[in-house]
Structures are given as C-alpha cells and as structure tokens.
Amino acid sequence: MRRLRGVAIAAWWLCMALAVSMAHAAGATAQPLLLEHAEAARGDWNDTGPPRDGWVPVTLMDQWQTRWPVHDGVVWYRLHWNQADAGAPAGLLLDYLCMTGAVYVNGSLVGRGASLSEPLSRAWIAPQYYLLDAPILRPGRNELLVRVSGLAAYQPAFGTVTVGDPAQVQALFRANKRVRSDLQMLDTAIGAVLAAMFGLFWLLRRQDTTYGWYAANGLFGMLYGLNWVKTSPWPFPTTDGWQAFVAGCYVAMAACYLVFLLRFAERRWPRAERALLGIAAAMFVLALALPQLFGPHRNAYVLPTMAIHYAASLAFMAWALRRGRADQKVLGLCIALPLLTALYDAGVYTGLIRGDAFVGSFASPVMLLGMGFVLSYRFATTMKRVEGFNLELQQEVAAATDALSATLTQKHALALAHSRAGERLQLVRDLHDGFGGTLVGAIARLQQAPADAAKDAVVDVLKEMRDDLRLVIDTTAQEQADLAALLAPLRHRASRLLEAADIDAHWRVEGIEGVRLEPGRSLDLLRLLQEALTNVFKHSRARRVDVHLKRDGDRLFLQVADDGVGLADADAPRAGGGGAGLASMRLRAQRLGGALAVRDGGNGTDLRLEIPLPA
C-alpha cells in the first residue's frame, strides 16, 4: 500500500510539472501584432504605384470621406512592422477594405481585387488573410502598402492590420469571416427560405394577405441582403447602379414590413397604405432609372425610411405586449433583438459608432424561431376552428338528415292519405253513381205505382237502405269528417224510427262542435249508435230512450239508456248478451280505442262508451 501511495504522489507531481511547462511554453509564444497607425495619400484611378508625397498620418480604421469628402478614386495606405525571424512564416490579416484594393508587401503583390476601377469589385464583405514567407518577408523592418479604390459616397475605408503567428492570425481571420461573411450568407439564406415559405402559404391561401406581405418583405430583404455577400455589382454596370438598387430594395422591404405589421395586428389603413406603397414603388423605380442621383444620395431617403421602420417596430412591440394575442406578443418580443442589432448597424452605417462590423445577421435565427412559432400558433388555431366547424357541420348534417327524414315520412304519409282519399272518393262515386242511382230509381218507380200496402213497405225498406248508404257515403267522402254534421241525419232517421214504435227519444249533445274524426272512426261510432238504437227499437219494448253524447277534454262519452225489459227478456239469440249485434258493437268499440260497458237490469238497458279523441 505504501508503494502504491508513493507511485501516485510521484505521478501527481509529474503531471503538475508538465502543466507548468506547457503554460510557460504557451506564454512564450508571441501574440499577433495589431497595427492601428498608418500613413495615407491620395492617388488616381490609373496609379501604378504610390505617390512620393502627400502622406498624412491616420488611425485605423480610417474612412477617407471624413478627410477628403469628394475624393473618388484611390487612397494608398503605408504601414511598417519589424519581423524578428524572417525564416518563420507570418500571417497577415486585413480586417476591412472598402470597396476593393491591392496588397503589396515589400514591393511584391500578394493579392488584389477583381476590378480596381469601375465597376468596382467588392472586397469589403469579408476580411482578407495572406500567408507571408521568405523571400517576400524580410528580417527587421517590413513595409505593407495597400491600394484602396472607392467612392466617397459609399464610405470608403481601410481597417486595422494584424501580423503574427499564422495559426493565431488565421484563427482571428476565421472568427471575423464567420461574422462578416458566413453569418451574412446564412442570414440571406434564411430570408430566402422565409420568403419562399410564406409566399407559398399566400399562394395557397390568397385571402390571408398577412403571409403575402411578409413574403414580399422577405423577398426585398433577401435582395437587400445580397449587398453583404456579392463580390461584384453585376448585373449593374456601375457601383452607383448597384447601390441605388440596394437602397430601393431597402425602401420596398420597409414598406412591405409596415403593411405586414398592420395586417398581423388586424388593422387596415387603406389611404396610408396606398400612399406608403406608392412612395416606395416610385423610389424604387427612380433608383433604377437614375442611379447616378439615387445611388450617391441614398441617405436622403434611406435614413427617413430607417426612422419609420424602427418607429413602427417599437409601436408594434408596445401594442402587442399590451393588448395583443399570444402569437402577436411572441412576434413583438422576437422583433426586439433584430431591432437592437438594426439600431447598432444604423449607428455603424452613419458613423455614429466607430466600427466596421454589422451584427444584424445574429438576429435572423431569432426571427426565424419567432415566425415559426407564429405559423405553428396560427396552424393550431386554424385546426381548432376546422375541428369546431366539422363538429358543427356534423350536427347540422344530422339535424338536416332528421328533418329530411321527417319531411319524407310526412310526405309519404301524405301520399298514402291522398291515395286512400282517392280510393274513398272512387268508392263513393261508384256507390253513388251505381247502387245509389239504382236505389233512387227504384224508389221513384214504386212511389209512382198504384197505392198498395206491400208497396209502402218496400218503399220504406228502400228508403232505409238509401239512408244507410248515405251514412256510408258521408263518413267515407271526407278525410276528417265533422261529427256534428254526420250525427244530424242519423238523429233525424233514428227519431222517426223510434216515434213509429211509440218510443219517446230524448237527445242531449254537448261540446261536439269542431270534433272531427277519421272516416273509419266516424263510421264505427255512428254504426255503434245506430245498432244500439236499433236494438232499442226491435227488442226493448221501452217507452223512453235517452241518448247522451258529450265531449270532455280529449275524451268522448256516449250513453244510450232505455226503460225497457232489458237483455234478459230479449229474443233467444240475444240471451246472455251474446247476440251478433252486441258483438259487432264491442268490435267497433275496440277499433275506436275504447271499451263498451253494458248494464242490463230489470228497469232497462244502459249502454256506455268512452273513446279518446285525436290531438
């Protein structure tokens, strides 16, 4: 155990010694040299070498329009540094060069832009890195000479220079390139993707113009973003043409962005929108038509557009956070970071902030996340509305189906009723025109024949048959027959029949006005009453009969009471109440939905019936 402990302690001390030696070695490596002071002299487009005089000291980064406001052409920058070991390579980093230029080390050309005169190539979009080695690199004093070509209207400048260990300088180059170039390209790509995506949404859903305006904003934003990634002014023949186009794209982008914010806030200002879009379109067309004017003087309309752009963003943020929906609040928060970076870039652009790096590209991923949430939120909301609509539609369809089914059932029932009514009318016509006509003719011939007792009896029988036929016709001819109207002729015939047998008939009818029964029920009820009165006439030997018909609510009551001998003394076939007439009445009462009650006593017969009335 002691040996193991000793080995562990020795290993620990060895590791500590290695760490210390590595730290010393790292500290011994010389840090890259940052050159921030130089000499500058004006030159001409056709210069083949630097001027001999006119050199002035400058501090980098240097924007020469502050010193020579109207100078378009070339400015030469001269810097010196001491190289301790010319045998070891050195890295050279030019942080910023606008618009383009050529780089000389100790009189040797190490790099140049594609075009050093109009149309100027664009080298300022990314830092430039060169690896220097012998024989270009000399021991002791070394000279860096940079020819910068630019136009005073577009902030021509030369940035700081870094010289030192190639690995360290190249690491700085990669970091600067990532910010200056790579992120700008990513920003442009994100803008293109968003413009295409929202453009497709708008094409598929034209009524939602919010997507269309954001797509237009993204399209012009992508074109404006090309200013950071393109290395030439193509397809324009001059730098003025390209810069006027870029400025016009910014104005158009800002106008579409403002309309997008209005649509997203569910606001419409038709006059202000038309004026804004009209001005933006006019500026864009004029910038393309007059690049020599709208390129160099772009600040005259770009700076007011910036102010409106940022003011609208601040107003939307305040409104969304105070009164907006969830998606509007999220978009308002997502606008905050791009707005801050845009304000910083505006400060760099106008020279209020000393620097050469624009940081707007850092905010693009945040904006992408915000718009992704907005799309997801709107999609989820739309799906909820669609689901609600589908549920409501299903309910409406079910209700419509039930209503249609009820209508079809009612129509079918009506068709059946019409069919039955037609059949009844045809039956009535057949009875009236055939059997009825024959019966009336027979009565008329018998009445015209010479008087005879047998003839009178036959005539009476035929009249009874006629009256019975009339009862069938009256109850069958109508879909809903009025009970009071049907009862009147039956009451008249029955009263005459009973008077002939010296039976006093007393009728009491209450509340049956307006009672309408179906043909079958009307016939069953009247036939039952007729049969009851016929039994009184034929078998009761009564002196008085009372008929009471009454409606009470949704019930109809019928009572026929006589003071005769009752059923017990009736003829043999009726003994015990089992006659065919009584059976027929019970069957009719059953069809009517009621029950027939017959009370047979020594003082006569009391027949009672109670049936329900239709609603």
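This is a predicted model: local features need pLDDT of at least 70, side-chain atom pairs count only at pLDDT 80 or more; totals for chains, interfaces and linings use all residues.
The structure holds 19 aromatic pairs. Take Phe198 and Phe201 to start. Their ring centres are 6.1 Å apart and their planes stand at 90°, so this pair is edge-to-face; the cut-off for that class is over 60 degrees. Both residues belong to helix α2, which runs over residues 166-204, and they are three residues apart there, so about one helical turn separates them.

Now, how buried or exposed are they? Phe198 has a relative accessibility of 1% and counts as buried. Phe201 is partly exposed, at 32% relative accessible area.

The next pair is Phe294 with Tyr301. Here the ring centres lie 5.5 Å apart and the planes meet at 55°, so the pair is tilted. The limit for buried is under 20%.

Back to Phe198 and Phe201. Which aromatic cluster do they belong to? They form one cluster together with Tyr211, Tyr214, Phe260, Phe264, Phe316 and Trp319.

Last, charges over rings. Where does the charged end of Arg78 sit? It sits over the ring of Trp55, 4.0 Å from the ring centre. Arg67 has its charged end over the ring of Trp68, and there the distance to the centre is 5.0 Å.

Note on methods
Residues are numbered from 1 along each chain as its sequence is written. Side-chain values use heavy atoms; hydrogens and water are left out. Rings of Phe, Tyr and Trp (its six-membered ring) pair if their centres lie within 6.5 Å; planes under 30 degrees apart count as stacked, over 60 as edge-to-face and the rest as tilted. Helices (H or I, at least four residues) and strands (E, at least two) are DSSP runs, numbered from the N terminus. Buried means under 20% relative accessible area, exposed over 50%, partly exposed in between (1.4 Å probe, protein chains only). A charge sits over a ring if NZ of Lys or CZ of Arg is within 6 Å of the ring centre and within 35 degrees of the ring normal.
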